[in-house]
Amino acid sequence: MPGLIERYRDRLPFAPGDPVVSLQEGSTPLVPALALGERLGVQVWLKIEGSNPTGSFKDRGMTCAVSAAVREGAQAVICASTGNTAASAAAYAARGQLKGVVIVPEGKIATGKLAQALMHGARVIALRGNFDEALELVRELAAKHPIALVNSVNPFRLEGQKTAAFEVLDEIGEIDALCIPVGNAGNITAYWKGFQEMGAAPRMHGFQAAGAAPLVTGERVEHPETVASAIRIGNPARWEEAMTAMRDSRGGVEA
């Protein structure tokens, strides 16, 4: 199965002949959750994004972000991460023959994801601080040096991640609602973008951990805490876009 840029090139900002850095991401299973659906009295489907090459949806955005970095002549990519982004950025940087640099909050990254980043040859630097501080640092570095920033503030990340919405609609057609965890808020923003481009408008329901729920409280969380390391984020980079998606779709956010 070709990667998502080849599958959806006509809906992505890549022209024929542009470099493509791919690990054959996307095309993940959409599985009916029969017991859960019976309990709720609705049809429930689970999009198994763990089937992507490095085990997360981040690969969708990373193929686009790293391909664009290669196209623009970057020599390295950098990101802040609590786990999934680190693993994905490292793998795609290696595939694209770029240097990969990852800034992680010290002691606040999933061990398996850290192992993936190291395995793929990324330089991993631990920061005495949380994810939000790490993101501020990498944004400063990318602004001053010829390094491509591949966190979800990079618009190419959203372009790749919106393809999950395409796949849902291609497979089962119209849906009533999407329920999704929210950390840095890029994925819910990307899904909404994808749905809108396809003329769909399901209700978008975001969910945060109680100890890291800035979209629920409306205030930045200075010291976010949750065992769910991937969403241990107190100041989401896509805060406004995510809130717009949930408001415009008549959805909501809960902790």
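Modeller: Contact means heavy atoms within 4.5 Å. This is a predicted model, in which local features need pLDDT of at least 70, side-chain atom pairs count only at pLDDT 80 or more, and totals for chains, interfaces and linings use all residues. Residues are numbered from 1 along each chain as its sequence is written, and side-chain values use heavy atoms, with hydrogens and water left out.

Colleague: Which residues does Ser 56 touch, not counting residues up to four places away in sequence?

Modeller: Ser 56 belongs to the loop between strand E2 (45–47) and helix H3 (58–71); helices (H or I, at least four residues) and strands (E, at least two) are DSSP runs, numbered from the N terminus. Beyond four places in sequence, the residues that Ser 56 touches are Glu 49, Gly 50 and Asn 84.

Colleague: Is Ser 56 buried or exposed?

Modeller: Buried means under 20% relative accessible area, exposed over 50%, partly exposed in between (1.4 Å probe, protein chains only). The relative accessible area of Ser 56 is 4%, so Ser 56 is buried.

Colleague: What is the order of strands in the open sheet of three strands?

Modeller: Two strands pair if DSSP finds at least two bridges between them. Five bridges join E7 to strand E8 (residues 203–207), and Pro 181 stands opposite Phe 207 in E8. The edge strands, each pairing on one side only, are E7 (177–181) and E9 (252–254). With parallel pairing, the order is E7-E8-E9.
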